[in-house]
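I opened my notebook to record what I looked up here, beginning with the strands and ending with the ligand.

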Amino acid sequence: MTAPKIFVTRRLPEETLNLLRAECEVSLWPHDAPPVPRDILLWEVRDAQGLYAMLTDRIDAAVMDAAPGLKVISNMAVGYDNIVVKEATARRIPVGNTPGVLTETTADLAFALLLAAARRLQEGADYIRRGQWKTWIPFELTGRDIHGKTLGLAGMGRIGAAVARRARGFDMPVIYHNRHRAPEREAETGARYVSWGELLAQSDFISIHTPLTDETRHLFNAAAFQQMKRSAILINTSRGGTVDPLALYEALKRGVIAYAALDVTEPEPLPITHPLLTLPNCLIIPHLGSASVATRMKMATMAARNLLAGVKGEPLPHCVNPEVYGGRQAG
Ligand code: DGY
C-alpha cells in the first residue's frame, strides 16, 4: 500500500516531521518565511490526502476544490478562522485544531501584556536605550496599579478562565461577558457575569478572549471605545480582527482610552508604516501567545496526530466539525 501524501505548509521540527514521515509521504514548504505562496499551495494539494496548515494559510473552497482527495485539514493552532469550515464540512473533510495545550501559555502572555502596559515597561526600556536615564525622578514613567483594579474579560473560554485565575493572585476583581453565561467558570475563578455595556464601563483592564467570527469582527470599535474608561487598558491575545485598528488608533491618540497591548493585529504582519506603530501608548508584539518551546512542540505534535488520524480515516482526536462523521464511520 502506498503511503498517503500530505502537504505541510511551513518548516517544522524534525521530531514532528519524523512522526509524519513514519506514515506519510511528506511534501513540505521548507521555509519559515515567506509563507507558502497561494499557487504553490494549490499545486501541492492536488494529490494530497492530508493538509497540515498554519493560521496564516487561508484554506477556502478553492483550496479544497484543488484537492479532490483531501481527507483531513489539520491546523497547528487552536483558532481556525483561517479555514472556511463550512466548506470543509460540506465536503465531509474533518478539520483538526490544538485546544488545551496552549491555554496556560497564552494566559501567561496576556498577563505579561497587562503588566507591561500598566507599568510602562516598553517606555522604560526605550528610555534607557535613548540615554535618558540620568537619575531617579519621583514621577517619571509612573504607571497604573494593577492590584485592586477590575479586570474585564471579553469571552470566558479556557484562556479567559486561565487569565481570571491569574488575576486572583493580583487581588483583581474579575468581571466577564460571554455569549453564554459560564457558571462553572464563575465558581472556579470568582468572575462575575455582566452585560456588554457594564463590561466596557466598569473595567480598568479589558482582555479579549473571543474567537474571531462574523459576530466578533471589530467588536472593539469606536462605539465600544467611547463606552470604556478613559484610563482603560485593552489587551488582545485572541485575533487581530476583533479590534478595528483605525478606530483603536483614534481612541489611543485622542485619549478615549489610555493604552493598548496587542499580541495580534489586523492585518498580520502589521506593516511597519501602520499608524498604531507611531503611538507611545501602544505595545505590539508579533503573535507570541503560545510561543514557548514546550507549548509549540505540543501543538505541532497534536496537529500531527490529528492529521495522521485523518489520513487513516479515523476520527480526529480534536475535530472542530465532528458533524462530518454524522451517520457514518470515519473513513
Ligand atoms: C492559536 O493557536 O490560535 C494561537 O493564536 C497561536 O498562538
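I first noted that strands (E, at least two residues) and helices (H or I, at least four) are DSSP runs numbered from the N terminus, and that two strands pair if DSSP finds at least two bridges between them. This is a predicted model, in which local features need pLDDT of at least 70 and side-chain atom pairs count only at pLDDT 80 or more, while totals for chains, interfaces and linings use all residues. Residues are numbered from 1 along each chain as its sequence is written, and side-chain values use heavy atoms, with hydrogens and water left out.

**Entry on the sheet.** I looked up the strand order and found an open sheet of 5 strands, β2-β1-β3-β4-β5, with parallel pairing. At its edges I found β2 (25-28) and β5 (95-96), each pairing on one side only. I then followed β4 (residues 72-75), which pairs with β5 in the parallel sense over 2 bridges, and I saw that I73 stands opposite V95 in β5.

**Entry on the ligand.** Which residues surround the ligand? I listed L55, A77, V78, G79, L102, R239, H287, S290, R296 and M299, where near means that a heavy atom lies within 4 Å.
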